[in-house]
There are 2 protein chains.
Amino acid sequence: MSDFTPTERTQLHRLPKRGLYDRAEVYRILDEGLVCHVGFVADGKPVVIPTGYGRKDDKLYVHGSTASRMFRALGAGADVCITVTLVDGLVMARSAFHHSMNYRSVVIFGKATVLEDPAAKREALHAFVEHVAPGRWQEIRQPTDKELQVTTVIEIPLEEVSAKVRTGPPIDDEADYALPVWAGVLPLEIPPQTPIPDVRMPKEIAVPEYLRNYSRKRR
Amino acid sequence: MSDFTPTERTQLHRLPKRGLYDRAEVYRILDEGLVCHVGFVADGKPVVIPTGYGRKDDKLYVHGSTASRMFRALGAGADVCITVTLVDGLVMARSAFHHSMNYRSVVIFGKATVLEDPAAKREALHAFVEHVAPGRWQEIRQPTDKELQVTTVIEIPLEEVSAKVRTGPPIDDEADYALPVWAGVLPLEIPPQTPIPDVRMPKEIAVPEYLRNYSRKRR
């Protein structure tokens with residue numbers, strides 16, 4: 001698995017130690033995230049829309065209604081920038097200036113391709129559901145031909161990609177360490193939650209294993 | 001407090017019941033979020049960068065190093081689109097097609113203004129810190145003139161804004177309710193976490209009240 005090659009757009013100029021082109025690490029971040037922010041240009045102006053996504057090998061998939069504005073704008077091989085951000089903690093420094101966040105983010109540049117082949121669309125949707133809940137695809141009703149028709153799926157190659165990561169405690173100016181201020185990190189982690197069953201579901205259907213102790217951690 | 005007026009860009013065409021122009025609700029979403037995604041156009045192509053933010057009245061503030069590429073691109077009244085997304089839960093339907101997420105998102109369109117006045121910059125940074133940890137600003141070392149100089153702060157008016165919200169259980173096709181599939185919602189809530197004190201901090205400094213039982217909920 002080859003690492004990403006920095007381009008003019010993905011080369012990190014500031015704090016280069018936070019920049020990563022490691023493909024395995026990038027994929028871990030993408031596989032842990034749930035929502036991406038898709039940026040595109042409409043009438044010369046930027047638009048950023050949040051949406052779910054899925055990954056298969058070195059392709060990212062985003063899907064939505066064929067009628068949506070985003071997918072109409074993205075129809076013709078448009079340039080996109082897709083960003084996934086995980087916030088891991090709040091970094092409380094002794095000075096305002098050194099406050100920060102611990103985070104992992106991935107920025108992807110590329111051209112969107114619209115999938116036309118129903119089998120390819122189905123496979124992308126498979127990746128999409130498995131991204132959210134591995135194991136669920138085989139239990140649910142599969143998409144009908146009509147549902148596939150009204151769903152647009154776009155594919156973005158994972159080629160021009162970079163990650164940024166911050167971890168660890170606050171880094172304060174040396175003189176500030178003497179200040180009587182609480183400093184440290186407030187973690188922001190989503191622990192396993194209790195699923196809420198649909199009221200219309202028969203009570204004898206147990207919570208599937210993949211939703212018990214649900215965690216986004218994929219390591 | 002007047003609601004937002006839909007424009008061509010913020011008018012929701014699909015699922016209009018999910019669209020909101022209620023200013024108080026938009027502010028609640030912005031005040032609960034931690035990270036925004038800033039979209040801008042560089043060399044005709046979209047770029048989306050995650051960053052922290054603060055709000056004061058009807059202005060949103062984003063800040064960063066004067067040296068950063070984003071702030072160089074945003075220098076001259078550039079068009080931006082800033083999006084804040086909160087993921088509240090995973091919606092597990094009986095069909096692949098009706099899987100969804102419960103979320104609240106805000107999309108802001110506008111032109112960025114760079115703050116030049118040190119007092120205005122300081123006030124924006126105040127909003128920034130208080131956004132993350134209300135009460136912290138008065139305890140920490142304030143920004144020096146030099147720190148203010150190397151910090152770019154941009155202001156975006158909260159004028160052309162819309163929100164989208166999805167809540168509640170899956171909505172399945174009527175025939176699918178008979179399927180023996182677990183369906184419901186998996187909440188994704190960040191509960192209060194235990195702060196991690198910096199190793200270089202004297203142990204007698206107690207965790208401040210605003211970091212105990214820390215929650216993003218602002219209602």
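**View 1. Superposition of chain B on chain A in the predicted model**. A rotation of 180° brings chain B onto chain A, with 0.0 Å of shift along the rotation axis and an RMSD of 0.0 Å. The two copies are therefore related as by a two-fold rotation axis. Within chain B, the C-alpha nearest this axis belongs to B:Ile190 and lies 2.5 Å from it.

**View 2. The contact between chain B and chain A**. On one side, 75 residues of chain B take part; these are in contact with 74 residues of chain A. Of the interface residues of chain B, 99% are also interface residues in chain A, so the copies meet through the same surface.

**View 3. Elements of chain B on the side that touches chain A**. Two or more residues each come from strand E2 (35–42), strand E3 (45–52), strand E6 (79–92), strand E7 (100–111), helix H3 (118–132), strand E11 (184–187) and strand E12 (196–197) of chain B. E6(B) gives the largest share of this side, eight residues. By residue type, the side of chain B that touches chain A holds 49 nonpolar, 14 polar and twelve charged residues.

**View 4. Strand pairing between the chains**. Strand E11 of chain A, residues 184–187, is joined to E12(B) by two bridges. These two strands run antiparallel. In this pairing A:Val185 stands opposite B:Ile196, a residue of E12(B). The strand E12 of chain B is also among the elements that give two or more residues to the side touching chain A.

How values were computed
Residues numbered from 1 in each chain as written. Chains lettered and ligands numbered in written order. Predicted model: local features only at pLDDT ≥ 70, side-chain atom pairs only at ≥ 80, totals over all residues. Least-squares fit on C-alpha atoms with pLDDT ≥ 70 in both. Contact = placed C-beta atoms within 7 Å. Helix = DSSP H or I, 4+ residues; strand = E, 2+ residues; numbered from the N terminus. Nonpolar A, V, L, I, M, F, W, Y, C, P; charged D, E, K, R; others polar. Pairing = 2+ DSSP bridges.
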